[in-house]
Amino acid sequence: MNASLNTPPEDPERALILAYAPAAGRPALAALLALDEALAQLLRTTSQPAVGQLRLAWWREALAKLDSAPPPAEPVLQGLAANLLPLGVSGASLVPIVHGWEVLVEEEALDGLALARYAAGRGSLFVAAGAALGAQGDPLATGGEGWALADLARHLGDGDEADAARAAARPRLIDALDRRWSRNGRALGALAHRARLDLDLPPDMPSPIGAPKRVARLLWHRLSGR
């Protein structure tokens, strides 16, 4: 399985959502999203599963080593070391994010079990971000899983695997967004809201990033936590 998952370079909604994070934790959230984007880029530019596994193994080891050694000359790792580790989030706790992405390299077909593994791994980014932001009582794991699955579904487009990812994402996002998010967690809640907005679009329709109704929904979440 080799899905092309990458964030558009120009994303005004992402900048808006980052502004929702507490100022002290904003660079940490940006560093985590940069990690996610780097892993997406890795898969996008890797056509051979064996090569992808080797490259992901390098990231696993590099993240774990952040807890015991200075980061190498790699911008994403340096950003994590500078902005995330001082807030008490370990490099080892980020390794499951890589495990999530590995599912897309290891599995020839994405069945329910594979999708659950992917969601739990990549979605753990929300848990790490919540710890950095000081979010309390928010449905971080559920929201992160729904966010990860919805993004995967959008990039898979049509087909049984995309339909399965959508079907798995929807109840997770409904559950996560049926609650009031804490002020410190609202940047993550906004990411989950954006994923749900994307999930409701036809599979072949590009996300209307920056559309007034979408921005208004994200702003309402910032104000209300809903």
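Colleague: Is Trp 147 buried or exposed in this model, and what is its relative accessible area?

Modeller: The model is a predicted one, and in it Trp 147 is buried, its relative accessible area being 7%.

Colleague: How many aromatic pairs does a search of the whole structure find, and how should I read such a pair?

Modeller: In general, two aromatic rings are described as a pair by the distance between their centres and the angle between their planes. Here the search of the whole structure finds three aromatic pairs. One of them is formed by Trp 101 and Tyr 118, with 6.3 Å from centre to centre and 85° between the planes, an edge-to-face arrangement. Because Trp 101 belongs to helix α5 (residues 95–106) and Tyr 118 to helix α6 (residues 112–133), this pair ties together parts that are 17 residues apart in sequence.

Colleague: Are Trp 101 and Tyr 118 buried or exposed?

Modeller: Trp 101 is buried at a relative accessible area of 0%, and Tyr 118, with 0% relative accessibility, counts as buried too.

Colleague: What is the arrangement of the rings of Phe 126 and Trp 147?

Modeller: Their centres are 5.2 Å apart and their planes stand at 35°, so the pair of Phe 126 and Trp 147 is tilted; the angle that would count as stacked is under 30 degrees. This pair links distant parts of the chain, since Phe 126 is in helix α6 and Trp 147 in helix α7 (residues 140–156), 21 residues apart. Phe 126 is buried, with a relative accessible area of 0%.

Colleague: Which residue lies over the face of Trp 147?

Modeller: That residue is Arg 122, placed at 4.7 Å from the ring centre of Trp 147.

Colleague: Turning to helix packing, how do the axes of helix α9 and helix α10 cross?

Modeller: The axes of helix α9 (residues 186–199) and helix α10 (residues 212–224) come within 9 Å and cross at roughly 150°. An angle over 145 degrees counts as roughly antiparallel, and α9 and α10 are therefore roughly antiparallel to each other. The crossing in which α9 passes α10 is right-handed. Residues that make the contact include Gly 189, Ala 190, His 193 and Leu 197 of α9, together with Arg 217, Leu 218 and His 221 of α10.

Colleague: What is Glu 102 in contact with, leaving aside its neighbours within four places in sequence?

Modeller: With those neighbours left aside, Glu 102 is in contact with Leu 56 and Arg 60. Glu 102 itself lies in helix α5 and is buried, having a relative accessible area of 6%.

Definitions and conventions:
Residues are numbered from 1 along each chain as its sequence is written. This is a predicted model: local features need pLDDT of at least 70, side-chain atom pairs count only at pLDDT 80 or more; totals for chains, interfaces and linings use all residues. Side-chain values use heavy atoms; hydrogens and water are left out. Rings of Phe, Tyr and Trp (its six-membered ring) pair if their centres lie within 6.5 Å; planes under 30 degrees apart count as stacked, over 60 as edge-to-face and the rest as tilted. Helices (H or I, at least four residues) and strands (E, at least two) are DSSP runs, numbered from the N terminus. Buried means under 20% relative accessible area, exposed over 50%, partly exposed in between (1.4 Å probe, protein chains only). A charge sits over a ring if NZ of Lys or CZ of Arg is within 6 Å of the ring centre and within 35 degrees of the ring normal. Axes are lines fitted to C-alpha atoms, for helices over the stretch in contact, and angles run from 0 to 180 degrees between N-to-C directions. Angles under 35 degrees count as roughly parallel, over 145 as roughly antiparallel, 65 to 115 as roughly perpendicular and the rest as oblique. A crossing is left-handed if the near helix is turned anticlockwise from the far one by less than a right angle, and right-handed if clockwise. Contact means heavy atoms within 4.5 Å.
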